[in-house]
Amino acid sequence: MRVLAAMSGGVDSAVAAARLVDAGHDVTGVHLALSKNPLTYRSGARGCCSLEDSHDARRAADVLGIPFYVWDLSDRFDADVVTDFVDEYAAGRTPNPCLRCNEKIKFAAVLERGTALGFDAVATGHYARTRQVDGRVQLLRSREERKDQSYVLGVLNQAQLRRSIFPLGPDTSKAEVREEAAARGLYLARKPDSHDICFIPSGDTAGFLAGRLGEQAGAIVDDRGELVGTHAGAHRFTVGQRHGLHLSVPAADGRPRYVLEVSTVTNTVTVGPKELLAVSSLSGIRPTWTEVPVDGPWRGLAQWRAHSEPMPATIAASADGVQVDLDQPAHGIAPGQAVVYYDGDRVVGSATIARAAA
Amino acid sequence: MHGPRVFLDHAASSPVSAPVLAAMADAWGVPGNPSSLHTAGRAARRVLEQARESVAADLGAHPGEVILCSGGTEANNLALLGAAGADGRILVSAVEHPSVLEARRVLGERVGVLGVDAAGRVDPAGIAAAVGPATRLVSVMWVNNETGVVQPVAEVTAAAHAAGVWCHSDAVQAVGHLPVDFAGSGLDLLSLSAHKVGGPVGIGALLVRRGVRLAAPGFGGGQEAKLRSGTVPVALAVGLATALRLAVTRLSEESVRLAELGDRLRAGLAAVPGVRVNTTSPASPAIVNLTVDGTRADDLLMLLDAAGIDCSTGSACTAGVHQPSEVLLAMGRSLAEASGSLRFSFGPATTPGDIDAVLGALPAAVERARSAFAA
């Protein structure tokens, strides 16, 4: 098989490519230049689009003896991921740009270009499993729970999954990947993991958003509408946030208060006690399905962050998307997040949370 | 990856030939620093100066005019920075190699740029008006490294001299492919590199006409006429001299043969729709540059690589990302045209079979690259 291995410059994708070579595939490495400013060097923190990462990816490909190219997808990344990220925040939502990148870039733009160039599949270093059942490709969690990345792949559809390979697959642990990289003579074996948003290397999301959207001071009110403080810009807050509120009026009962809602329309941040954060009804739009759409209602598990605990829920198709009703109320669910629903370990689909209610 | 590969990127680096390797193998065995006064030093110097005289003889220069350095880039840097000095201005063409054009990074506004026509050539008549009181040097390359197009060096030199300034030419892609006679050219400065003509990477030379005084941009022991410091690598100098002698000896025969290969490629390309050849006469016989409509050059390069053919996009990369050709942009081509160009460059080992291999692989590659472009 001719496989295009997306190589970020990190240890996971390098080992993934190496395994494909071992398996006898005709492998070509490709590094995605996503930043508009690829000459930015990062020290300490790293993402997936710095110049250093590009060098590391190329060096790994050279060690593996495979062809290697850099594809400039910075325009599409800017339009489909960065601009979307900013727009979502501007609308008071909390997006996950990694899911968006998988949906629009890695398993769309790259897959399309690769297919046109004669490749049969795209491979990445994600920790997830696939298996063929009745002619369909199922997406499953990695058995390595701590590294499982099925959540960020939850936006993929059947056409994408058919042409995707995750060689770290079933149950490799991160330690094993690092060991394997060292044994293969890949010097990036000890390279630290990336955690931050790749296009915000400083980790200062609030500062990045302030630069894009500007900042306007506004009111912080409590759940009864009383003014309890002021803020320097609504984009600095996310639902569920507790620290950094600097409220001037103490709570009557002295209990900690959390961000309940961020309204960019009125530039108001609403805070309140933790119990008001609890939601159990999620309305999702833009549903995606890994195999086929499921109308339901059906019993499954819902997850809304990359490593949040999957929660039992009843899931059903709704007029404009998907309705997810959690068995137990949960805290800190923000509009804009993706909810990914599972049947056991199998990813069924995803949707973007439009509304979360008690 | 499978079977014999076709290497058509000699303009990037042409493989070292067996006689050059053999000559260098002997020379690496010569001990001593050629600047030393003792017996070993004299032995090394004897070999070095013999090489220098050989280079000078093959290029119509005096041995004292040959300033050895690390290669074409350093030679160009020496020429430009050395001529500009502390307060001088220089004029360069818009299609120069980065080792000339990027003098802007150091000299800033003291670098003026001469535009080119649609074929990529400088108009010598424009030079007089562009030269100002502080201008010291005009630099126009002999052969363009991307397109192979030959500049009107004689006319440019005459115009520079008429305006009272020196003239430099980056002849890295000309030496070994076209007759180059330094004395006859009238040039004051000329750059060359060994590895473009089958010599080793790591050595080149700046020819400096006697009487031309340059400010040394670097400092050190002052080994090369106080202009370029650093111990001169004797074996590399021998490699340069040997490669140059081979190239010059077979030049007239080889230039005919390479021109025939170029014609064979052009004739075959006529059958591929949407291909435009950017290399127009007069040009180096060793380079054919073309634009393929509706493609990304890096896709074509990848597909040809997979088909066993090494060629180049000709233009630079930033962080590995293929950039549109500044040369083609300067020639007035669109961003799309400048992003879809390929360079095939020939050398002594290139055969008609290599050209046929390209013509065999290109139609399918073009078709795929077009569908990927549209995807």
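Buried area is the accessible area, taken with a 1.4 Å probe, that two parts lose on being put together, summed over both. In this predicted model, the two parts in question are chain A and chain B, and the area buried between them comes to about 1,500 Å². Carbon and sulfur atoms give 65% of that area. On the residue side, chain A brings 19 residues to the contact and chain B brings 18. Three residues of chain A stand out here: A:Tyr69, A:Arg113 and A:Leu117 supply 39% of the area that chain A buries against chain B, more than any other three residues.

Staying with chain A, a pair of helices comes next. Two packed helices are described by the angle between their axes and the distance between the axes. Helix α3 of chain A covers residues 74-90 and helix α4 of chain A covers residues 97-116. Their axes come within 10 Å and cross at roughly 165°. Since angles over 145 degrees count as roughly antiparallel, α3(A) and α4(A) are therefore roughly antiparallel to each other. The crossing itself is right-handed. From α3(A), the contact draws on A:Arg76, A:Phe77, A:Asp80, A:Val81, A:Asp84 and A:Phe85. Facing them from α4(A) are A:Pro97, A:Arg100, A:Cys101, A:Lys104, A:Ile105, A:Ala109 and A:Glu112. Sorted by class, the contact of α3(A) with α4(A) has 7 nonpolar and 6 charged residues, with no polar ones.

Further along chain A there is a hairpin, made by strands β8 and β9 with 4 residues between them. Strand β8(A) spans residues 218-222 and strand β9(A) spans residues 227-231; the two run antiparallel and are joined by 4 bridges. One of the pairings puts A:Ile220 with its bridge partner A:Gly229 in β9(A). In the turn, A:Gly225 has a positive phi of about 90°. Most residues other than glycine have a negative phi, and most peptide bonds are trans. Against that background, A:Asn267 is worth a look: its phi is near 55°, a positive value in a residue other than glycine. A:Asn267 sits in the loop between β10 (258-263) and β11 (268-272) of chain A.

Turning to chain B, there is an open sheet of 7 strands, with mixed pairing and the order β2-β8-β7-β6-β5-β3-β4. The edges are held by β2 (66-69) and β4 (111-114) of chain B; each has a single partner strand, so one side of each is left without a neighbour in the sheet. On average, and ignoring direction, neighbouring strands of this sheet are turned by 20° against each other.

Strand β10(B), residues 287-292, pairs with β14(B) in the antiparallel sense over 5 bridges, and the bridge partner of B:Ile287 in β14(B) is B:Ser345. In the loop between β9 and β10 of chain B lies B:Pro282, which is joined to B:Ser281 by a cis peptide bond with omega about 0°.

Helix α11(B), residues 297-306, and helix α14(B), residues 352-374, pack at an angle of about 140°, with their axes 9 Å apart. The two are therefore oblique to each other, and their crossing is right-handed. By class, the contact of α11(B) with α14(B) has 9 nonpolar, no polar and 2 charged residues.

Methods: Residues are numbered from 1 along each chain as its sequence is written. Chains are lettered from A and ligands numbered from 1 in the order in which they are written. This is a predicted model: local features need pLDDT of at least 70, side-chain atom pairs count only at pLDDT 80 or more; totals for chains, interfaces and linings use all residues. Side-chain values use heavy atoms; hydrogens and water are left out. Axes are lines fitted to C-alpha atoms, for helices over the stretch in contact, and angles run from 0 to 180 degrees between N-to-C directions. Angles under 35 degrees count as roughly parallel, over 145 as roughly antiparallel, 65 to 115 as roughly perpendicular and the rest as oblique. A crossing is left-handed if the near helix is turned anticlockwise from the far one by less than a right angle, and right-handed if clockwise. Ala, Val, Leu, Ile, Met, Phe, Trp, Tyr, Cys and Pro count as nonpolar, Asp, Glu, Lys and Arg as charged, and the others, Gly among them, as polar. Two strands pair if DSSP finds at least two bridges between them. Contact means heavy atoms within 4.5 Å.
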